[in-house]
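Thank you all for coming. Before I say anything, please take a moment to look at the sequence and the model on the screen.

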Amino acid sequence: MERLLEYFGVLSGLLYMFLEIRQHRAMWIVGFLTSFVYVFVFFFSKIYADMGLNIYYVVISVYGFWQWTQGKEGKEDAAATATRDEIIYRNLTPRLLGVVMLAIAALFASLYNLLHRFTDSPIPVGDAFTTAVGIVATWMLARRFIEHWVFWIVVNCVSVWLYCGRGLYPTMFLYFCYAILAAIGLYTWKKKGIRQR
């Protein structure tokens, strides 16, 4: 049963990445299902922070879907007027990048402390790192910051190593694909995107 869940998560996760690159709002629905499944996969594998991260993904999928489907009353912004094939994005300001980095550091320290002291996690440093960066990167995606792709490339590369060590080979393959697709996503958003001010 655990392996079936993992394989389902891999397939739906690949579909999610394809939809994310295309900026199709259905990605949030597929992401909701993928994350829900991975809550259980990571629980059974004792990767607790990533399990918690997937609970967060379930919740932020609802927020992201709402953000990407709501219209701004009385305002026409680039996202509201974009055609179906256009990709809309924003850039982080230096100040917001500083806030993002501080948030990641604070989340990492808190998660590492919890995992190290209160769980039997065999990989507290890696688990805390990928979870902290993943939380912030998902928020960045919901707000259409293009830099989220860079954060995902790093997280996905670290995750490949973590999941290999835990014997989650289908998930390791998924995150290897995620790393490649994140690089493609960054390229696609830059090439086809319209910067929102």
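What you see is a predicted model, in which local features need pLDDT of at least 70 and side-chain atom pairs count only at pLDDT 80 or more, while totals for chains, interfaces and linings use all residues. Residues are numbered from 1 along each chain as its sequence is written, and side-chain values use heavy atoms, with hydrogens and water left out.

Helix α2 covers residues 27-44, and its 18 residues reach 26 Å from the first C-alpha to the last, close to the 26 Å expected at 1.5 Å a residue, the expected span being 1.5 Å times one less than the number of residues. Its buried residues include W28, T34, S35, Y38 and F42, buried meaning under 20% relative accessible area with a 1.4 Å probe and protein chains only. Among the elements that cover the buried residues of α2 are α1, α3, α6, α7 and α8. Just after this helix, K46 takes a positive phi of about 60°.

How many cavities of 30 Å³ or more does a search of the whole structure find? The search finds 2, a cavity being a set of points, on a 1 Å grid over the protein atoms alone, where a 1.4 Å probe fits but cannot get out, and lining residues having an atom within 4 Å of a point. Of the 21 residues that line the largest cavity, Y16, S35, Y57, W152 and Y178 lie nearest its centre. The largest share of that lining, 5 residues, comes from α2.

The second largest cavity has about 50 Å³ of space, and its lining includes D50, Y57, T130, W152, S159 and Y175. Both α3 and α7 supply at least two residues of this lining.

That brings me to S159, which lies in helix α7, residues 148-165. Is S159 buried or exposed? S159 counts as buried because its relative accessibility is 1%. Leaving aside residues up to four places away in sequence, S159 touches T130 and Y175, contact meaning heavy atoms within 4.5 Å. T130 and Y175 also line the second largest cavity, as S159 does.

Note on methods
Helices (H or I, at least four residues) and strands (E, at least two) are DSSP runs, numbered from the N terminus. Buried means under 20% relative accessible area, exposed over 50%, partly exposed in between (1.4 Å probe, protein chains only). On a 1 Å grid over the protein atoms alone, a cavity is a set of points where a 1.4 Å probe fits but cannot get out, and a pocket is an open set with protein on both sides within 12 Å along at least five of seven lines; lining residues have an atom within 4 Å of a point. Grid points are joined across faces, edges and corners, and a volume is the space filled by probe spheres set on the points.
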